[in-house]
Each structure stands twice: as structure tokens, then as C-alpha cells.
Amino acid sequence: GDVQSAVDDLKSKDVTIHRDIQEKSSGKNAIILDPDDYMISLFEPNFSDEKDQQTAGYVGFTPA
């Protein structure tokens, strides 16, 4: 799926969203907390036709 549908589904299950979706040039990212309060980063790469080249992937999204 995509980050938006994943976050919507997790919200409906009362999962804590540490940081809602942010869009960067490389893609979309959100951070959730698991039941032990560990942060889990959800990442959806940008596969837009407007990009000349795909980024190498994860480029340092931080929880702050």
C-alpha cells in the first residue's frame, strides 16, 4: 500500500502516531510507536515521472 492508507489504518487501531506524514523530495515518511514505545519509520519512495533520477532511498528522516 501507501503511507497514507497505512497511517489511516493504524490510527483506526489506536496506534500512537509519533509524527504524522511529511513529504520530502525522496518520498513520504511517518513515524509510529510500537506497544513498547519503539519508533518505527514508515517510508514511501517518490516514484514520480517528474523526477529525473530516483534517490538512493532512505535519506535520514529523523523523529524530531
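Tutor: Let's start with Asn29, which sits in strand β2. Keep in mind that this is a predicted model, and every distance below comes from its coordinates. Is Asn29 buried or exposed? Asn29 counts as buried, because its relative accessibility is 0%, and the cut-off for that label is under 20%. So what does its polar side chain find in there? A polar atom of the Asn29 side chain lies 3.1 Å from the backbone oxygen of Leu42.

That partner deserves a look of its own. Leaving out residues up to four places away in sequence, Leu42 touches Val3, Ala6, Val7, Leu10, Lys28, Asn29, Ala30 and Ile32. Several of those names come back in the largest nonpolar core, whose five residues are Val3, Val7, Ala30, Ile32 and Leu42. Two elements give two or more residues to this core: α1, spanning 3-12, and β2, spanning 27-33.

Now step across to strand β3, residues 39-45, where you'll find Glu44. With a relative accessibility of 22%, Glu44 is classed as partly exposed, since the buried label needs a value under 20%. Which residues does Glu44 touch, not counting those up to four places away in sequence? Its contacts are Asp2, Val3, Gln4, Ser26, Gly27 and Lys28. One of them has a polar side to it as well: a polar atom of the Glu44 side chain lies 2.9 Å from the backbone nitrogen of Val3.

Asp2 caps the N-terminal end of α1, with a side-chain oxygen 3.1 Å from the backbone nitrogen of Gln4. And the other end of α1? The helix is followed by Asp14, whose phi is positive, near 60 degrees, in a residue other than glycine. Asp14 belongs to the loop between α1 and β1, the strand that covers 17-24. It counts as exposed because its relative accessible area is 70%, and exposed means over 50%.

Back to the strand we started in. β2 and β3 pair in the antiparallel sense over seven bridges, and one of the pairs is Leu33 with Met39 in β3. Five residues lie between the strands of this hairpin, where Asp37 takes a positive phi near 65 degrees. As a residue other than glycine with a positive phi, Asp37 sits in the loop between β2 and β3. Its relative accessible area of 58% is the reason Asp37 is called exposed.

Zooming out to the sheet, its three strands form an open arrangement in the order β1-β2-β3, with antiparallel pairing. The edges are β1 and β3, each with a single partner strand, so one side of each has no neighbour in the sheet. The twist from one strand to the next averages 10 degrees. The general idea behind the pairing is that strands of a sheet are joined through backbone hydrogen bonds, either parallel or antiparallel.

Finally, the whole chain. It has one helix and three strands, and they run α-β-β-β from the N terminus on. Of its 64 residues, 20% are buried. Among contacts with a separation of 6 or more, 31% join residues 24 or more positions apart. The chain exposes about 4600 Å², with carbon and sulfur atoms supplying 48% of that area. Put back into this setting, Asn29 is a residue of β2 whose side chain reaches the backbone oxygen of Leu42, and Leu42 in turn is part of the largest nonpolar core.

Notes: Residues numbered from 1 in each chain as written. Predicted model: local features only at pLDDT ≥ 70, side-chain atom pairs only at ≥ 80, totals over all residues. Heavy atoms only, no water. Core = buried A, V, L, I, M, F, W, Y, C linked by side-chain atoms within 4.5 Å. Buried < 20%, exposed > 50% of the residue type's maximum accessible area, 1.4 Å probe, protein only. Helix = DSSP H or I, 4+ residues; strand = E, 2+ residues; numbered from the N terminus. Contact = heavy atoms within 4.5 Å. Polar contact = N/O pair within 3.5 Å; in protein donor to acceptor, adjacent residues only side chain to side chain. Areas by Shrake-Rupley, 256 points an atom, 1.4 Å probe, with all protein chains shown as cover. Pairing = 2+ DSSP bridges. Axes fitted to C-alpha atoms, helices over the stretch in contact; angles between N-to-C directions.
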